[in-house]
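Hello,

Here is the structure I promised to pass on to you. My notes on what turned up in it follow just below.

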Amino acid sequence: MNIHSFLADDDQQRKQYKCVLNNTSKVQDHKKNDRSASTLGNNYLRSFALKSAQEGDYAEAIALLSQLIYRRPHNAVDYNNRGLIYFQSGERQKALYDYNTALKLNPYLASAYNNRANYYAACGELATALADYDQAIDLNPGYVRAWINRGITWRELGRYEEAIENFELAQLFGQLEGHIWAERGRTYHLWGDWNCAIADYRRALTQLPALETTRDFTGSHLRLQIENWLNDLLSPEHPTTSYLVD
C-alpha cells in the first residue's frame, strides 16, 4: 500500500500560517490587548510548526506543537496537528495516541477521523479505516479529502466500482480536482480500463502544478506517479492504447 496516496488534513495549519504571515504588521495592535497577543503568539507557534514540518524538521515542529498543548491542553486541533506530524515522521503509535486524544476532546473533529483513518489504512486495517472515513464524511459531507481517501481504500480492497463512485461524488465539490482525476485514473488502470485511465491521467496533469513551480510535496509526488503510470500505459506492452485520442 502506498501511504502517500492518502490525503492528510493540514489545510487548517497552512491557512493559519498564511494568515499570520500576511498580518505581521498588526502585531503591535494585537499587543494592546493581552488576550489578542496570547492568541497571536499561539498562531505564530502553530505557523512555525507547519513551516518546520514542511522543511522536514519534524522534531522542531513537534516541540512547538507540544508547547502549544502545554499552554492549552484541551485544544483538540493541536493534538490532531501534532499527530499528523508524528505520522509524517514515522512515529505512528504516537500519532494514533494524539488522534485519539483529539477525538476524546472533540468527537466532532472530522479531520481527526480522516487522519486516524489514514493511520489505520497505512497499517493495513482497511475496514477500520473505512469506518473512520465514514464518520468524517457524516460529520462533514463536503470533506473532499475523506471522500478521496475512502475511494482509495475501496480500491485497495479491489472494490473498484465503489472507489469510482466515491471519486465521482468528490468531484461534485470542485476541490482537489487533480488528485481526484489521478486517483480515478489509477482505479481504472488497475481495473483494466486503460482508455479511461489515460484520459483521467491527462486531465490530472492539467490540474496539478508543474514541478518547478510548486512546494507542494503531495502534489509533486502525485505528478511524478501519474507520469510513471501514464508512461507504463503508453509503453509498447500496451499496444491497444496506441490509437487512442484524448
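A search of the whole structure finds 13 salt bridges, each being a side-chain nitrogen of Lys or Arg within 4 Å of a carboxyl oxygen of Asp or Glu. Before the details, please note that this is a predicted model, in which local features need pLDDT of at least 70 and side-chain atom pairs count only at pLDDT 80 or more, while totals for chains, interfaces and linings use all residues. Residues are numbered from 1 along each chain as its sequence is written, and side-chain values use heavy atoms, with hydrogens and water left out.

One of the salt bridges joins the side chains of Arg 46 and Asp 78 (2.9 Å, N to O). Arg 46 sits in helix 3 (residues 34-54) and Asp 78 in helix 5 (residues 76-88), so this pair ties together parts 32 residues apart in sequence. Helices here are DSSP runs (H or I, at least four residues) and strands likewise (E, at least two), numbered from the N terminus. Arg 46 is buried, at 3% relative accessible area, and Asp 78 is buried at 0%. For these labels, buried means under 20% relative accessible area, exposed over 50%, and partly exposed in between (1.4 Å probe, protein chains only).

Another salt bridge is formed by Arg 155 and Glu 183 (2.9 Å, N to O). Arg 155 belongs to helix 9 and Glu 183 to helix 11, so the pair ties together parts 28 residues apart in sequence. Arg 155 counts as buried at 7% relative accessibility, and Glu 183 is buried at 2%. There is also a network: salt bridges with shared partners join Glu 168, Arg 184, Asp 200 and Arg 203.

Asp 200 is also among the buried residues of helix 12, together with Ala 197, Ile 198, Ala 199, Tyr 201 and Ala 204.

As for the whole protein, the secondary structure comes to 13 helices and zero strands. Of its 246 residues, 48% count as buried.

A word on confidence, which pLDDT gives for each residue from 0 to 100. The mean pLDDT is 84, and 78% of the residues reach 70 or more. Over residues 12-37 the pLDDT is below 50, and this stretch has 22 contacts (heavy atoms within 4.5 Å) beyond near neighbours in sequence. Residues 240-246 also have pLDDT below 50, with nine such contacts. Where pLDDT is low, the predicted coordinates should not be read in detail.

Best wishes

Conventions
pLDDT = per-residue confidence, 0-100.
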